[in-house]
Amino acid sequence: MATKTAPQKKAATFVYEGTDRQGKKIRGETVGKGPALVRAELRKQGISAKKVTKKREINLGGKKKIKPLDIAIFTRQMATMMKAGVPLVQAFEIVADGLENPSMKDVVLKLKSEVEGGSNFASALRKQPLLFDDLYCSLIDAGEQSGALEVMLDRVALYKEKSEALKLKIKKAIKYPISVVCVAIVVTVILLTKVVPTFQELFEGFGAELPAFTQFVIGLSEALQNNFFSILISLIAFGVIFNVARQRSEAVRNMIDRTLLKLPIVGDITFKATVARYARTLATTFSAGVPLIEALEACAGATGNVVYRKAVYQIKEDVTTGQQLQFAMRSTGVFPAMALQMTAIGEESGALDAMLEKVAVYYEDEVDNAVDGLTSMMEPLIMSVLGVLIGGLIIAMYLPIFQLGQVV
């Protein structure tokens, strides 16, 4: 009985040197599962390899992190391969060759090895719990059992793509003002620590009392210069402590979730995005044939907000007792009227998944419009703040000069 070893399973890139049929020296790269197999493949191509070595990959920061977007791309490519009638194992090979992230490529090749060893797709995915959550694995499992894996992969790919697009929209709404504010802070610090002291030396020769506004700015400059490193270290320490607390403390994460919903403008975007995720997840799982109770269990974690996570668990308990989904959602008090009405129509017409899909599309569009509106509104507001901040510092420095000119 043939034995299978890890090195034979894992493909790698090899560099070879040799001669072709005309005796001309040739050098190149190829993918193979070992030096001997690479030499044999090259001989078939008419290349006599004198030297075959595994290519060393330079990776200064360790393995590249696998992002949710990588999972979405992998799912879409697998769906495309399966729709084209490509066998599952061969689909893994084709997808792996086209991936740019080496870490994700390793994961796909591991999945291929598991499936070749007799495991089904869902079982292989469950051995990578940090990358493929229970919802993902359950949907693939449902697709395999129903014999419609290509259809389910397409639904999962659409779900992942929509989810990632929604996250990118929210990040877009937050990153732009934060980046501009950071630039404004840096410019202000430079002015206070480098420009204001120069003017201060000039003013000392005036022998007159400086305007109150100028004195305030000079005092601010002196305080910043004297305590610059203390302030910088305090800010860095606060950021590190907050980040660690957010990662390790559930109470801190819950507080952030509740605060985000209460913030002006950002809270509305967070609310709509959360409702969209809930509707998208429930529509995907329910259309896949997953029972409603199990679908709600998956939705709880997918909402991404503690307020709605608790609400979904409450809905699950109410539905378990025989209550209709629309009434269970209404009793939580956190879902908008449009989502409640569409859910009611879906339950009455027997097309709950289609109605939830419409709810998801509606609120995803609402998030898109809100982000665009926020960006257009923030641009003039930020420019005004920058103008007042930097312009105020400049005016404070030139006020004594203006007054001196009036006296003369």
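A pocket here is an open set of grid points with protein on both sides within 12 Å along at least five of seven lines, and its volume is the space filled by probe spheres set on those points. Keep in mind that this is a predicted model.

**Exercise 1. Find how much space lies in the largest pocket, and work out what lines it.**

Step 1: start with the volume. The largest pocket holds about 1,800 Å³ of space.

Step 2: Helix 3 (68-83), helix 7 (134-146), helix 8, helix 11 (250-262), helix 12 (266-287) and helix 13 (292-302) each give two or more residues to the lining. Helix 8 supplies the largest share, with twelve residues.

Step 3: You get 25 nonpolar, seven polar and 14 charged residues.

**Exercise 2. Decide whether Lys160 is buried or exposed, and list what it touches.**

Step 1: Lys160 sits in helix 8, which covers residues 149-203.

Step 2: apply the cut-off. Buried means under 20% relative accessible area; Lys160 has 14%, so it is buried.

Step 3: check the neighbours. Leaving out residues up to four places away in sequence, Lys160 touches Ile71, Ala72 and Tyr136.

**Exercise 3. Compare the span of helix 7 with the expected value, then say what covers its buried residues.**

Step 1: take the span. Helix 7 has 13 residues and runs 18 Å from first C-alpha to last, close to the 18 Å expected at 1.5 Å a residue.

Step 2: pick out the buried positions. They are Leu135, Tyr136, Cys137, Leu139, Ile140, Asp141, Ala142 and Gly143.

Step 3: find the cover. It includes helix 3, helix 6 (121-126), helix 8, helix 12 and helix 13.

Step 4: look just past the end of the helix. There, Gly147 takes a positive phi of about 75 degrees.

**Exercise 4. Classify the ring pairs Phe271 with Tyr308 and Tyr362 with Tyr363.**

Step 1: get the count. The model has ten aromatic pairs.

Step 2: take Phe271 and Tyr308. Their centres are 6.4 Å apart and their planes 45 degrees apart, which makes the pair tilted. Phe271 is in helix 12 and Tyr308 in helix 14 (residues 306-320), so the pair ties together parts 37 residues apart in sequence.

Step 3: check how accessible each partner is. Phe271 is partly exposed at 22%, while Tyr308 is buried at 3%.

Step 4: turn to Tyr362 and Tyr363. With 4.9 Å between centres and 90 degrees between planes, they are edge-to-face. Tyr362 is partly exposed at 37%, whereas Tyr363 is buried at 6%.

Step 5: look for a group. Phe271, Tyr278, Tyr308 and Phe335 form one aromatic cluster.

**Exercise 5. Work out where Ile26 lies and which residues it touches.**

Step 1: locate it. Ile26 belongs to strand 2 (residues 25-32), and at 29% relative accessibility it is partly exposed.

Step 2: list the contacts. Setting aside residues up to four places away in sequence, Ile26 touches Tyr16, Glu17, Gly18, Thr19, Asp20 and Ile47.

Methods:
Residues are numbered from 1 along each chain as its sequence is written. This is a predicted model: local features need pLDDT of at least 70, side-chain atom pairs count only at pLDDT 80 or more; totals for chains, interfaces and linings use all residues. Side-chain values use heavy atoms; hydrogens and water are left out. Helices (H or I, at least four residues) and strands (E, at least two) are DSSP runs, numbered from the N terminus. Buried means under 20% relative accessible area, exposed over 50%, partly exposed in between (1.4 Å probe, protein chains only). Contact means heavy atoms within 4.5 Å. On a 1 Å grid over the protein atoms alone, a cavity is a set of points where a 1.4 Å probe fits but cannot get out, and a pocket is an open set with protein on both sides within 12 Å along at least five of seven lines; lining residues have an atom within 4 Å of a point. Ala, Val, Leu, Ile, Met, Phe, Trp, Tyr, Cys and Pro count as nonpolar, Asp, Glu, Lys and Arg as charged, and the others, Gly among them, as polar. Rings of Phe, Tyr and Trp (its six-membered ring) pair if their centres lie within 6.5 Å; planes under 30 degrees apart count as stacked, over 60 as edge-to-face and the rest as tilted. The expected span of a helix is 1.5 Å times one less than its number of residues.
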